[in-house]
Structure formats: C-alpha cells, structure tokens
Amino acid sequence: MSASHITKKLAVLFGLLLVPGIALADYTLNMTQGITPVSKEVYGLHQLVMWICTVAGVLVFSVMIYSIINHRKSKGAVAAQFHESATVEVIWTVIPLIVLVAIAIPATKTLLDIEDPSKSDVTIQVTGWQWKWNYNYRDEDLSFFSNLATDSNEARQLGADTALRDKADTYLLNVDKPIVVPVNKKVRLLITSNDVLHAWWVPALAVKRDAIPGYINESHFTATKTGTYRGQCAELCGKDHGFMPIVVKVVEQSEYTAWVSAQKAAAAAAAGDSNKTFTQAELLKKGEAVYKANCAACHQVNGTGGGPFPALKGSKVATKGPVEDHLKLVITGKGIMPPFGPQLNDADIAAVVTYERNAWGNSTGDTVQPAAAKAAR
Ligand SMILES: [Cu+2]
C-alpha cells in the first residue's frame, strides 16, 4: 500500500471517529458528582481510588518497561536471583496493605453513610409496578402512580411518526406525575415491588436500589440543590422496562408543603368523583387521558393492539359483551394484563371503559358511570 493510500484511509477513519463525537457532545467520561452529601462522598471515593490505581499503574509499568528494555537478554542481561528474600517479601506485602487500608477507611465510612436512613424528615414508599412507579408518602397519607409522560408514550407507539419523538419533551425521561421532595431534608425511601424485580435509580441522588416483591429495601437521600433530577428503572423487568422513568423535583420547603396540600385536595376531589354522575362527553374526555396513561402502552393509542396485546378496536369485550364483563376485566386483569382495580379509582375505570366502548369506531353508545365500576369491584 502506498503512503498516500494510507494517509487517505487514515483521514477517512478520523472523519468517522468525529461523527459520534458530535452526537455525544455532552457525554462525559466521569461519574456525576450528584447533589447529595452521599453522592459527593461516592464521587470523592471514586476519584481517590482512581488516582491510587493510576499512581500504582504508572509505577509498576514504568519499572516493567524499563526492565524489559534495559535488562533484555539480547543485551546480555542475566536475571538476578533473590528467592526467599525476606526484605522483598515484606516490602511487597506491606505496601499493598497500606494501600488497601488507605482505601478501606474512606470506603467503610461511605458505606455506613449510604446505609444510614435514621433521622429522616420524609418517608416515601416506592413500589415498582410493570411498568410504572407508585409513590406513597407515609406521613401524609398520599399515594399516586407515576407513568411515562403521554407525549413520549405516543411517540414510541407502533408506526408512530418519528418526528413525534423529537417533539416529545425529554423523550422517555419524563413522567406525568413526578415525586416532589423538600430541599435539605433527609428523605427515607422504602423500596419494594408489586410484581417482578425493578430497581429505583437516580444517579444525581446516588440511589440505586432493587425493588423486590415481598421485601423492603431502605435507602435515603438529602438533596442540597433544587431542580429536576431524572432516573430510570435499572433492573430488566419485562417489555416496558425502558419506559418507566423516574423524575424527582427538589423544591423549597414552602413549595413542598403547598404541593402536598394540593395533591391531597386533588385526591379528595377524585374520591368524590366516584360518587358523581357524569355526562358521556365528560367521561370520554377523562377516559382518553386515563387510556393514554395506562392502557396505550400495550393496546396502542389507536386501539389496534399488537403482538400478545389484543385490539380493542372492534373487540368483542369492548363492543358486544356486557359492560359488566368489560369492567370486571379491567378491574381484575387477565393473563399478562395487570389488574387496574388497585391502580385506578371508580371514576377513572368508568371513564376508560366508556372511552373504549366509543372510540376508534367502536359505537356501543354506552355511558358507564362510576357507580357501575364500584358495583363491579
Ligand atoms: Cu422496572
């Protein structure tokens, strides 16, 4: 191969190397420092160990390379013999020992801090569901589900226009209801699961804990900076593992207090809805929102289903069968369809069933009231 040939090939290679460089412009090599005392400790520990490794590596490889070059056989070097030399053995035992102790002391301190959820100000029970998170504020009697934001959910549908993806705000990293916590307060997390293994992971908070059915893992964080922090489920948990993000909003205490009362008022209003009678138009509007947040992931926004998920458009249950059976199926689930009875209130269930019976060309004309959902439970 001629020299110019090689130069050309190298130029192309470098050109190609630049492509991902542009795409990953804000990619960083190091781990995040995060916004909690524990995350900073973890970061510091990582830096310390990395530098110890670097120094040890440079020292060892320098001696090795120097020896290979200067004491090589072709130069006539003869290997020195120091078998059973007590001095050498003491040196190569004591130096690593000192290094290990130097690492173990800060590592133990960090581990103890990670494992210390005592004296917390707020306790939140985090429950993994396929494929969403449930948050239960233990001291506030407040509980809600956090689903993938509707715009992201629509953008990932079968056959969705890819332009939707660019439009979706923080594609796949946004939820309909984030959890809100006060700044500079210690938040204790009780992490568990309702079905399979999940893991609650938010890098900026240095929390990554398995959510295990029938078992409660404890963790904690104290966010020292207001803002929005994102994470994801970090345990392969089935079809929509990649679609159950986590959003934590850290706010001032006063804003937190206001948020809690607003959430409680909304929950009380929703509970009241279960005793109301709605018009069909109201139910359809509410039902569409409930459908998009809870059902579209499997049955698709346009009701056509796909794979193991049956189409609801023209489905027997949603068009011909009695309303009662439709309600029961949604409440108790079937096969791999999870039960929505524990997840949705009567008004939500009535609304989504009304919607399914009248959307996408389904034309039963039925209006299903919350009282019917209550009776079907
Ligand atoms: Cu998961």
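Leaving aside residues up to four places away in sequence, methionine 244 touches Trp131, Lys132, Trp133, Leu148 and Cys233; two residues count as in contact if their C-beta atoms, placed from the backbone, lie within 7 Å. This is a predicted model, where local features need pLDDT of at least 70 and side-chain atom pairs count only at pLDDT 80 or more, while totals for chains, interfaces and linings use all residues. Residues are numbered from 1 along each chain as its sequence is written.

**Around methionine 244**

- You will find methionine 244 in the loop between β9 (227–233) and β10 (246–251).
- Methionine 244 is buried, with 24 other C-beta atoms within 10 Å; buried means 20 or more such atoms within 10 Å of a residue's own C-beta, exposed means 12 or fewer, and partly exposed is in between, with C-beta atoms placed from the backbone.
- From C-alpha to C-alpha, methionine 244 and asparagine 174 are 9.0 Å apart in space, though 70 residues apart in sequence.

**Domains and their contact**

- The chain is assigned domain 1 (37–114), domain 2 (122–271) and domain 3 (276–376), with bounds from an automatic or database domain assignment.
- The centres of domain 2 and domain 3, taken over C-alpha atoms, are separated by 25 Å.
- Their contact takes 14 residues from domain 2 and 12 residues from domain 3.
- On the side of domain 2 that touches domain 3, the elements giving two or more residues are α4 (150–155) and α6 (253–273), and the largest share, 3 residues, comes from α4.
- That side of domain 2 has 6 nonpolar, 5 polar and 3 charged residues (nonpolar: Ala, Val, Leu, Ile, Met, Phe, Trp, Tyr, Cys and Pro; charged: Asp, Glu, Lys and Arg; polar: the others, Gly among them).

**Helix α3**

- Helix α3 (residues 86–114) has 29 residues and reaches 41 Å from its first C-alpha to its last, close to the expected 42 Å, a span computed as 1.5 Å times one less than the number of residues.

**The chain overall**

- The chain holds 12 helices and 10 strands, which are DSSP runs numbered from the N terminus (helices H or I, at least four residues; strands E, at least two).
- Its radius of gyration is 29 Å, whereas a compact globule of 377 residues would have one near 21 Å; the radius is taken over C-alpha atoms, and the globule rule is 2.2 Å times the number of residues to the power 0.38.
- Of the 377 residues, 25% count as buried.
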